[in-house]
Amino acid sequence: MRDRLMAVYDQLFAAYGPRHWWPADTPFEVCVGAILTQNTNWGNVEKAIARLKAAGLLSPEGLRDVPVAALAETIRPAGYYNVKSVRLKDFVGFLFERFERFDGKLERMFAGEWRELRRELLGVRGIGRETADSILLYAGEKPTFVVDAYTKRLFSALGLVEPTADYESVRALFMGNLPDDTALFNEYHALVVEHCKRHCTTRPRCGGCGLHLLCRA
């Protein structure tokens, strides 16, 4: 299975090269982006982050102190802005209040055992598995694999997971068969996203897909 997974990775990397993902200036920006990207596209997230930067709010202290209504208006381009403003507030509350040892510092949050941190993040309202793993992998540089709809779609087409497989089952495919390599997990997930945007869409565009010989379709 390791060889099969790496064969897919090698073909994707040969086709698209390094993706330089996640695009952000700071780890905290990654965390904010991971929350804002829920149920929207990345272009909308970029607009919302640009507005946060312009307002001087893109910091733990800035998000902690801004009124929730003002925060919601600032992130309006990301969609579901009232819900997401509360989720951002809950996340910074996690940094400052729920676990005092973090004191609002991401480097302190990431200093401990990452599997325990994952459990704690999943206890924060509005942070699900994909968001937690995105924060851990892309902001914290921890070796956890991010699963999204693209991952399920591609690897079910390749016959490596069932279309109905849940998040943890798909994640276990990678965690159990690949080395704990943060750089590999980072690049692999980004390549899967790029490939699915081009080819493995809800209505597949199979022409030019380098994986067509492996696809059970």
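1. Is Cys-196 buried or exposed? Cys-196 is buried, with a relative accessible area of 0%; buried means under 20% relative accessible area, exposed over 50% and partly exposed in between (1.4 Å probe, protein chains only). Cys-200 is also buried, at 11%.

2. The model is predicted: local features need pLDDT of at least 70, side-chain atom pairs count only at pLDDT 80 or more, and totals for chains, interfaces and linings use all residues. Residues are numbered from 1 along each chain as its sequence is written, and side-chain values use heavy atoms, with hydrogens and water left out.

3. A disulfide is a pair of cysteine sulfur atoms within 2.5 Å, and by this rule there are zero disulfides. Cys-196 is in none, the nearest cysteine sulfur being that of Cys-200, 4.5 Å away.

4. In soluble globular proteins, nonpolar side chains tend to be buried together.

5. Helix α3 covers residues 42-54; helices are DSSP runs (H or I, at least four residues), numbered from the N terminus. The buried residues of α3 are Trp-42, Val-45, Ala-48, Ile-49 and Leu-52. Seen down the axis, these residues fall within an arc of 115 degrees (taken from the directions from the helix axis to the C-beta atoms), so they line one face of α3. On the other side, Lys-47 and Ala-54 are exposed.

How values were computed
Helices (H or I, at least four residues) and strands (E, at least two) are DSSP runs, numbered from the N terminus. The expected span of a helix is 1.5 Å times one less than its number of residues.
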